Amino acid sequence: MNKDYRDYRMEDFLADEYFIRWVKFPDAAADAFWQQLAADVPEKAPLMREAREVVYALSTPVLEKNDPAREKIWQAVLDNIQQTPARPLRRYRRTWLAAASVLLLLALGATWYFTSTIIVSTGYGETREVILPDHSSLMLNAHSTASYARSWTVTGRREVSLEGEAFFDVKHTGDTFRVQAGPACITVLGTAFNVRHREGMIAVVLQRGRVRIDVANGEGQPAFLQPGEGWSYAHQQQPVVMQAVDTAAATAWTRHELLLNATKVKDVIRLLKDNYGYTVVLEDSTIGEREIKGRIPMQREQDLLFVLSRILDVDIQQKNDTLLFTTR
């Protein structure tokens, strides 16, 4: 023995680098050395056992101050002890985090699917046919928007919201089909009808079948339409049911034409604004009160303006989105 272990106290063993290494990383040579010491100095054997238990139990052993080399060795031992058991914990944490991420994505996906809507829109001068999930169809007029729940095929709820104008041809499945146009709710089973909802005005024209119309907030009684009847509503006014409506004229836009039957020019001007985004300026305001009849093709916007100028005997000058009607 190079050292005199006979005088060793507890703190001496706890500060002995070779003793600490033996406790933490025993090997055959160290075992033989310390067992031999216990045999040679038996009075120190109990103290060695106690010092060995202290090294195991204490996270920070008693070290001599101002001994950086010993502190560095002991810190390296502690780092190794602390790192080894942490690995399984990180693996479990990563597994749980991955599972939680998958559940979160599934929850977000389900929320998005059941709360989002499919939106179909048209610009000025455009029309578009849409086949709905139940194989009903709608023809969307210009400058219009229709929307329905993305989860339609799962929930079976046949509901469409409309802003603008659309013609519906509803497939009869036994379940009700609803169109929400502002405060008006049109309920049908299987039928064909036109809905126009612009600037707070709502008009429904029934081509075939039967529909029920309710207005939110209890404004008026429910209306039931028969084929060839119409219904109109304006805010804060009682709904009006119209008999013997010209359904061919009401749905002429679906055939890309305009059917006029004693129609005032100001109503045609409103159509130019709603469907094409034009602002019309009349040099003579009496032009708006004229009534016109006939069929006007609407395949091309310029054809419509040309025919109007011939019927009204006016010049139509276009500047950007403004049309100026002047008497010839």
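Start with Thr191. Setting aside neighbours within four places in sequence, Thr191 is in contact with Phe168, Asp169, Val170, Leu206, Arg208, Gly209, Arg210 and Val211. Contact here means heavy atoms within 4.5 Å. Thr191 sits in the loop between β7 (184–188) and β8. Helices (H or I, at least four residues) and strands (E, at least two) are DSSP runs, numbered from the N terminus. Is Thr191 buried or exposed? Thr191 is buried, as its relative accessible area is 0%. For that term, buried means under 20% relative accessible area, exposed over 50%, and partly exposed in between, with a 1.4 Å probe and protein chains only.

Before going on, a word on the numbers. This is a predicted model, in which local features need pLDDT of at least 70 and side-chain atom pairs count only at pLDDT 80 or more, while totals for chains, interfaces and linings use all residues. Residues are numbered from 1 along each chain as its sequence is written, and side-chain values use heavy atoms, with hydrogens and water left out.

Now the chain as a whole. The chain has 10 helices and 18 strands. Of its 328 residues, 36% are buried. Taking contacts between residues at least 6 apart in sequence, 48% join residues at least 24 apart. The accessible surface is about 19300 Å², and carbon and sulfur atoms account for 53% of that surface. Those areas come from the Shrake-Rupley method with a 1.4 Å probe; for residues, only the protein chains shown count as cover.

Next, the interior. A nonpolar core is a set of buried Ala, Val, Leu, Ile, Met, Phe, Trp, Tyr and Cys residues joined through side-chain atoms within 4.5 Å. Which residues have the most contacts inside the largest core? They are Phe168, Phe193 and Trp231, in a core of 31 residues. Strand β5 (residues 158–169) gives the most to this core, with four residues. Apart from this core lies another, of 21 residues, including Val265, Leu305, Leu312 and Phe325.

Beyond its neighbours within four places, Phe168 is in contact with residues including Ser137, Leu138, Val160, Phe177 and Phe193.

Val204 is in strand β9. Val204 is buried, with a relative accessible area of 0%. Not counting residues up to four places away in sequence, Val204 touches Phe193 and Trp231, among others.

Ile292 belongs to strand β16 (residues 291–297). At 5% relative accessibility, Ile292 is buried too. Its contacts, again beyond four places in sequence, include Ala262, Val265 and Leu312. Ile292 and Ala262 are 30 residues apart along the chain, and their C-alpha atoms are separated by 5.1 Å.

On to the pocket. On a 1 Å grid over the protein atoms alone, a pocket is an open set of points where a 1.4 Å probe fits, with protein on both sides within 12 Å along at least five of seven lines; lining residues have an atom within 4 Å of a point. How much space lies in the largest pocket? About 1200 Å³. Grid points are joined across faces, edges and corners, and the volume is the space filled by probe spheres set on the points. The lining has 39 residues, and the closest to the pocket centre are Arg196, Ala203, Ala250, Thr263 and Asp267. Strand β14 gives the most to the lining, with seven residues.

Two backbone details. Most residues other than glycine have a negative phi. Ala244, not a glycine, has a positive phi of about 50°. Ala244 is in the loop between β13 and α8, and is exposed at 72% relative accessibility. His256 also has a positive phi, of about 60°. His256 lies in the loop between α8 and β14 and is partly exposed, at 29%.

Last, a record. UniProt, in an unreviewed entry, places a "transmembrane region" at residues 96–114. UniProt positions follow the numbering used here, feature names are shortened, and annotations may be inferred rather than shown by experiment. In the model, that span is 100% helix and 0% strand, with its end C-alpha atoms 27 Å apart.
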